[in-house]
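I opened the model to look up confidence, chain contacts, domains and strand pairing in turn. These are my notes in the order in which I took them.

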Amino acid sequence: MSSNDAHSRAGSDDNASGSPAAFADRPEVMTRDDNPLPPEDNSLTRRTALKMFSATALLASVAGCTRKPKRHIYSMVDRPEYQRPGIPLYYRSTYTEGAFPYGLVVKTIDGRPIKVDGAPGHPLNDGKSNAQIQASIMSLYDPDRLKTPMRGREALTWGQADRAVIQALKNATSTVLVTRGLLGPSERELAKRFLAAAPGAQHFVHEPAADRVRRAAWKAIYGADGEIVPQFDKADVIVSIDCDFLGTDGNAIANTRGFAASRRPEAGVLSRLYVAEGGMSITGSNADHRIPVRPSDAGAFVLALASADGGKAAAAKYGWDAKLMAALVADLQDVKATGRKAMILAGAHLPASVHAAVAIANQAVNAPLAWNPAPATLPASDPKDITAALDAGPDVAIFLGVNPVYDGVGSGMGQAAAKAKFSVAHGLTANETLSSATIALPSAHNLESWNDAQPRQGMTSFCQPQIAPLFDGRQEADSLIAWTKALGTSDATTNAAKDFHAYVQARSGFDSRAWQDALRNGFVGSAATLGALPAPVGARALVAAGTAAAAGTMDVILAPHMSVGDGRHGGNAWLLETPEPTTQLVWDNAAIMSPATAAKLGVRDGDWVTITAGGATLDLPVAPQPGTQKDTIVAHMGFGRTLGAGVGCGQGFNVFGLSAGELLVTGAQVAKKSKDRFSLVRTQRAHDQMDREIARGASKKEFDEHPDFAKHRRHIVNNNEQIDTPWDYSKGHKWGLGIDLNQCTGCNACMVACQSENNIPIVGKEEVAKGRDMAWIRLDRYEAGDPENPEVSNLPMLCQHCDNAPCETVCPVNATAHSPEGLNDQIYNRCVGTRYCSNNCPYKVRRFNFFNYTGKTIDTPVEELAQNPHVTVRMRGVMEKCTFCVQRINTAKFTASNAGAELKDGDVVTACQEACPADAIVFGDANIKGGAIDSSRAANLSYHVLEELNVRPNVTYQARVRNLHPSLDQGAKKGGH
Amino acid sequence: MSPTIFTRAFDQRVRTLLGVLGFSVVLGGAFGTHVLWQANMEEGYRPAQPLPFKHSVMAGTHQIDCLYCHTEAYNGPHAGIPTVSTCMKCHKEIQTKDSEGHLKKGIAQLNEYWKKKEPIPWVKVHDLADFVYFDHSRHMNTKKKVDGESLTCAHCHGEVEKMDVMYREHSLKMGWCLECHMKAPDEEHKRPGETTLAPIHCSTCHR
């Protein structure tokens, strides 16, 4: 398959709304037939001419108001195989923008990708995705992408750019190549050929947020390079030490899936998660027991786990909860006796000694850890080495997909990049590094590229383009091929390859048929090639008695952000407006600290503090977050971009200046800074449930005593009244959705999936501050108990499609009405925007388009391509909300009816359900006995939010059971029944 | 001379006000008429097309099935319009000339599009609003009968085989759609719980 056979961009379907550039020079095609101007007549008097002029002007203006514009419908010249107007085609591919090459299924309609999801069966993500994967559609159609090769401000052709680069390479005696970490086998091979051909070439891997320290520690401990793959579904006890495995540490999709699989209380499967952490992460939010531990004390914490006194001395010394420590130590110590499995995980930013101690501790607890001897990513180089190589002033420096001028400011790499005599940078946008390079080259997007990746030994995942490059982009590997060939290489594969597509195909060794099959499947080879964890032979040597942190200093964790990562997604508006799961901050990062510390420093939310560490200083606004350890500050990376990040430029603050590449900064001094306050914006401002029992939960003991506790938390007075309805819901379909709070981790994948599927606009920081965010599904977060270490509950909230819907009765124009299938339909073309419905909604899930947000944020034709053609794009002045993905319901119904079949359970999958890595969401027809919804509603744990209002929601929640240690489990907190 | 009750300036203001009011009435009337006139015009909307293509020749004289060109009517939401290559399947051979031996205008234009590999910019005749999601396949594949008859293309598109230049036979407005959808159910092919011939709830077409 060549890059353009199945992905032709020519032609369009009935929905063609614009006019292709091809017709711009053909006025006869575009002229309106109803030209209102009268023919010229020399006999006209001035008076009649004026009359006619005003009459035609009037008519023209009236016609302009009422008549729909003439629209074209373009035929294709020739139809690409399989392509049918308006019917999606799905292609497999591989995600290459992060550390893990997840398998993708890309939905394309009429030749343009509109939705990205996980590939079922792929060993890394098995059909599931995360917010970043979902948002890659947005970065594909980003109008800020670099359009052409540039030398300074001068646009070049690719030929000119290549000639300049090759000339510089030929004259060079030293070359520095800096790449990202995820390089597939073909790219690695190619890099090797390039290094052999280029004079004096060195290769470095730059990944500012990678687990560089931990990976090096593992190499020393286990004797070989590799990565630990935790098997969460096999663990009974999980201890996380600052390891945000559900958020940003490791393969969070697989981790979430495995963890969720171990949290099924009604099936009798319930793992216990202890989290000892400095900041409040989403892993900590999901913990059964959480201990705020300063990262500097992590080593002492691991040693305390094996102590004979049950951690009593350490707890007293470091101020940890002694009872909880005793329970944790006891839990781990009787693992072997009770035949259970426990595992201890340590965060990527912790020092090698902690990982060594953890490796030893894991030996004693039957830890279900597997070993991947060949990770998909190359180990990141030490930033000091890269800086030194660049500081030496190499003749040529090549940056492929990395941005050291932004994220290397602390290590001096950014400044050193300018010392190269000739520098080339490849990237999607004219970011900080591209803007300062001699030659800036536009890359092709992941969805426009060929590639391969090796997530497991003996298994290759393939990436194929879904669309020809929208702008004049070329993927980095194509540049390497061109340069290597020009420099001269003896490698036959490189010399024979026309481009990287040919190179990958040639290296695969497949004939054309097998190649097609591999692309159709997305990957080849067996997934089950993980090895057993080697013995930690090098651990003893690394274990060090941790030195206590200096008094009066603080630890700063530079954490990758859940959405924008290390900054590579810093220009993606969808991700910038996705709230950070714990603080729920949008469009910004901050110095996240405990409320007690903030009080001690005399600062409130939004006040400025100055962090000083190792000679570097950083000013950040304060965001107090309950649960943060009192001597710890969390600062998220990825913000403070200055160039090439579109709407992300100037949002938040660049925190990389604080460290020379370490993710944990110790010995920091924090002081209040007198300066104006900064406005930090959150999507949710109150986190107290006010005894309304919205997100319900109970301890294991209470669940064992009252398995249906969730049904008796509210006093129901009268739930018999029903709104008069013409429909009989017991016949035909009755749609319902179920959310299991035991599974949901609060990762926000559903939010971005919904945004992509339903054309939801972004509104910007100022509008979010006014409560005008447009998300149809949101993650509500509630905190209870000790404000310094609260118990957290997450609750995805979306339109509940109530059968007694309060919104419907107040709409004066009947723009929201119930369907016989139980859907609360919102009819945009009928809505006049009174907002009565939103006022009357007890769940506050209706969203009002105050301004023409879509029109405001989409001002180029290329951005329009990201819109899902199966969903109406809404205007200003219109109320909108979750539709239960009615476009998917209709498509599934029509497909079944056309085939003369009945819909089966599971035929309709909503966008949020499809994305959810925890499988927390089920959707289906409640009238199917024994179906997904029927069984979700029948579950003991099921309940409706605010059921006492008798609005009869069609979204069922299952209450969360916290598997507290028996010695700490008090049972029911309040009387049931 | 009558006594001056009002000042000249006041008189002037009254006259201006009356003039503006009168103008507004005329404007409103014109606007209203225009709207009504437009509504009537929507049935029979017959825009000029880039090619002198005649459905009356293709579907009428030559009896070519609708699906030969509009291939996807049974398969998906859009019936589809023929690709230029579909036209050329026949017109590679059929290169009709006029009495003077010149290629007929339409054929010459078609050849030109084919040579340049350019799409033909047809003007939409059956143009629904963007918030309406009509699905051809559901209407073509249904077994339900309208007044005892199976649904055909002509039910909505009229007698296309008699049209020289394509026009809109029916208004395709919501009320017109509902005329059929709200009929009594076809007892033989009724779905459980159905009280009308076809669904009439909003999300059937709006989403």
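**Confidence and conventions**

Residues are numbered from 1 along each chain as its sequence is written, while chains are lettered from A and ligands numbered from 1 in the order in which they are written.

For chain A I noted a mean pLDDT of 88, with 92% of its residues at 70 or more. Over residues 1-43 of chain A the pLDDT is below 50, and this stretch has 61 contacts in the model beyond near neighbours in sequence; two residues are in contact if their C-beta atoms, placed from the backbone, lie within 7 Å. Residues 60-66 of chain A also stay under 50, and there the model has eight contacts beyond four places in sequence. Where pLDDT is low, the predicted coordinates should not be read in detail. For the model I wrote down ipTM 0.82 and pTM 0.88.

**Chain A overall**

I counted 35 helices and 43 strands in chain A, taking helices (H or I, at least four residues) and strands (E, at least two) as DSSP runs numbered from the N terminus. The radius of gyration of chain A, taken over C-alpha atoms, is 30 Å, close to the 30 Å that the globule rule (2.2 Å times the number of residues to the power 0.38) gives for 977 residues, so chain A is as compact as a globular protein of that length. Its C-alpha trace spans about 110 × 85 × 65 Å along the principal axes. Of the 977 residues of chain A, 56% count as buried; a residue is buried if 20 or more other C-beta atoms, placed from the backbone, lie within 10 Å of its own. Among the contacts in chain A with a separation of 6 or more, 74% come from residues 24 or more positions apart.

**Where chain A touches chain B**

I found 46 residues of chain A in contact with 42 residues of chain B. On the chain A side, helix 2 (46-66), strand 1 (72-74) and helix 33 (886-898) are the elements that give two or more residues, and helix 33 of chain A has the largest share with six residues. Strand 1 of chain A pairs with strand 1 (residues 121-123) of chain B in the antiparallel sense over three bridges, where pairing requires that DSSP finds at least two bridges between two strands. Within that pairing, Ile73(A) has Trp122(B) as its bridge partner.

**Domains**

The domain assignment of chain A gives domain 1 (227-372), domain 2 (554-682) and domain 3 (731-960), with bounds that come from an automatic or database assignment. The centres of domain 2 and domain 3 of chain A, taken over C-alpha atoms, are separated by 32 Å, and 16 residues of domain 2 of chain A are in contact with 18 residues of domain 3 of chain A. Helix 24 (573-576) and helix 25 (595-601) of chain A each supply at least two residues of the domain 2 side of this contact.

Is helix 7 (residues 212-222) of chain A enclosed or open? I found eight of its 11 residues buried, so helix 7 is largely enclosed by the rest of the structure. The buried residues of helix 7 include Arg212(A), Arg214(A), Arg215(A) and Trp218(A), and what covers the buried residues includes strand 9, helix 14 (352-363) and helix 23 (539-542) of chain A. Just after helix 7 of chain A, Gly223(A) takes a positive phi of about 85°.

I then followed strand 9 (residues 227-230) of chain A, from which Glu227(A) and Val229(A) point one way and Ile228(A) and Pro230(A) the other way, all of them buried. Four bridges join strand 9 to strand 16 (residues 369-372) of chain A, and the two run antiparallel; in strand 16 of chain A, Leu369(A) is the bridge partner of Pro230(A).

**A sheet of seven strands**

My last entry is an open sheet of seven strands in chain A, with the order 6-5-19-18-17-7-8 and mixed pairing. Its edge strands are strand 6 (154-155) and strand 8 (201-205) of chain A, each of which pairs on one side only.

Notes. Predicted model: local features only at pLDDT ≥ 70, side-chain atom pairs only at ≥ 80, totals over all residues. pLDDT = per-residue confidence, 0-100. Buried ≥ 20, exposed ≤ 12 C-beta atoms within 10 Å, placed from the backbone.
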